[in-house]
Amino acid sequence: MLKIIDLHASVEDKAILKGINLEINAGEVHAIMGPNGSGKSTLASVIAGKEDYEVTQGEILFENESILELAPEDRAHKGVFLSFQYPTEIPGVSVTNFMKTAINETRKARGLEDMPANEMLKMIREKSEMLEIDRKFLSRSLNEGFSGGEKKRNEIFQLAMLEPKLAILDETDSGLDIDALRIVASGVNKLKSKENAVIVITHYQRLLDHIVPDFVHVMFEGRIVKSGGKELAHELEEKGYDWIKEEVNA
Ligand SMILES: Nc1ncnc2c1ncn2[C@@H]1O[C@H](COP(=O)(O)OP(=O)(O)OP(=O)(O)O)[C@@H](O)[C@H]1O
Ligand SMILES: [Mg+2]
């Protein structure tokens with residue numbers, strides 16, 4: 001599904017990503033960990049196509065086609081979802097209306113008609129029940145006065161509604177209380193299928209107890225310096241990152 005080959009990217013002429021190689025197949029969950037500033041969020045932004053970042057070398061293939069020249073919304077229409085990709089606050093636009101627009105824009109890009117209103121309502125009802133989202137929440141203005149946990153819940157709701165092929169969740173655990181963490185994790189688990197893939201960027205083993213990854217990658221100074229199975233996350237939790245830095249510098 002996603003193939004990243006020797007990817008280099010910079011911000012304002014400062015090199016941040018220094019040769020990332022990563023392959024993700026449908027049905028897989030990948031966790032990306034690593035110390036602050038190692039380039040995890042940058043990688044997510046570059047995959048999603050955020051304009052601040054310049055790709056200086058390498059390639060990103062999504063379903064065997066380069067997406068490097070595509071605008072962020074075109075990547076989204078192809079099925080790439082990044083949490084945080086939407087404006088933080090939209091006064092006067094409800095969570096529900098925002099979702100309707102997003103879904104119909106994606107359909108339009110794929111040459112489909114608007115989703116019939118009754119179908120949309122049914123989908124909203126099903127997904128919000130699945131994620132234990134309160135009805136009142138759906139009519140609130142998007143992100144206006146949302147608590148950290150509510151923002152995260154809203155992101156997972158968007159994920160559930162848009163059904164992307166590749167979902168990239170950047171630190172979905174930060175600021176979530178235990179219940180919200182469980183709901184988010186169970187949401188991701190329920191949305192997992194043979195057809196889609198998930199990248200979870202996180203600092204905490206705790207989240208990975210709920211969303212069990214198939215692969216764990218450790219980023220350090222703009223590179224993936226170690227990859228392994230879910231046990232790698234446990235090892236990091238126990239030992240921290242110093243041993244990895246020592247390995248890299250050895
Ligand atoms: N838009 C930007 N302008 C300037 N510097 C940036 C920008 N985006 C990222 N950087 C720099 O790139 C480096 C990597 O940042 P990034 O946010 O990718 O790290 P991270 O691994 O996600 O860290 P954290 O774990 O703290 O979230 C940092 O030194 C950061 O300051
Ligand atoms: Mg980050």
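Strands β1 (residues 2-11) and β2 (14-24) run antiparallel and are joined by 8 bridges. Two strands count as paired if DSSP finds at least two bridges between them. One pair to look up in the structure is Ile4, whose bridge partner in β2 is Leu22.

The model is a predicted one, in which local features need pLDDT of at least 70 and side-chain atom pairs count only at pLDDT 80 or more, while totals for chains, interfaces and linings use all residues. Residues are numbered from 1 along each chain as its sequence is written, chains are lettered from A and ligands numbered from 1 in the order in which they are written, and side-chain values use heavy atoms, with hydrogens and water left out.

On to the next strands. Strand β1 is also joined to β4 (residues 54-62), by 7 bridges, and these two strands run antiparallel. Here His8 has Gln57 of β4 as its bridge partner. Strand β4 in turn is joined to β5 (residues 65-66) by 2 bridges, again in an antiparallel arrangement, with Leu61 opposite Ser66 of β5. Between β4 and β5, which form a hairpin, there are 2 residues, and Glu63 in this turn has a positive phi of about 50 degrees. Taken together, 4 strands make an open sheet with antiparallel pairing, in the order β2-β1-β4-β5. Its edge strands, each pairing on one side only, are β2 and β5.

Two loops also hold residues with a positive phi. Asp13, a residue other than glycine, has a positive phi near 65 degrees and is found in the loop between β1 and β2. Its relative accessible area is 76%, so Asp13 is exposed; the classes are buried for under 20%, exposed for over 50% and partly exposed in between, with a 1.4 Å probe and protein chains only. Glu221 has a positive phi near 45 degrees, and it too is a residue other than glycine. Glu221 lies in the loop between β11 (215-220) and β12 (223-228), where it counts as partly exposed at 48% relative accessibility.

The ligand site comes next. Ligand 1 is surrounded by 14 residues, the closest being Gly37, Lys40, Ser41, Thr42 and His203; a residue is near a molecule if one of its heavy atoms lies within 4 Å of it. Polar contacts (pairs of N or O atoms within 3.5 Å; within protein, one must be able to donate a hydrogen and the other to accept it, and residues adjacent in sequence count only if both atoms are side-chain atoms) can be followed at several residues. Asn36 places a polar side-chain atom 2.8 Å from an oxygen atom of ligand 1, and Ser41 likewise has a polar side-chain atom 2.8 Å from an oxygen atom of the ligand. At Gly37, a polar backbone atom is 2.8 Å from an oxygen atom of ligand 1. On its own, ligand 1 has 640 Å² of accessible area, of which the protein covers 67%; such areas come from the Shrake-Rupley method with a 1.4 Å probe, and for residues only the protein chains shown count as cover. The elements giving two or more residues to the shell are β2 and α1 (40-48), and the largest share, 3 residues, comes from α1.

Among the buried residues are Lys40 and Thr42. Gly49 follows α1 and has a positive phi, near 95 degrees.

Finally, the largest nonpolar core has 35 residues, and those with the most contacts inside it are Met99, Phe157, Leu159 and Met161. A nonpolar core is a set of buried Ala, Val, Leu, Ile, Met, Phe, Trp, Tyr and Cys residues joined through side-chain atoms within 4.5 Å. Elements that each supply at least two residues of this core include α3 (95-109), α6 (148-162) and β9 (166-170). Helix α6 gives the most, with 6 residues.
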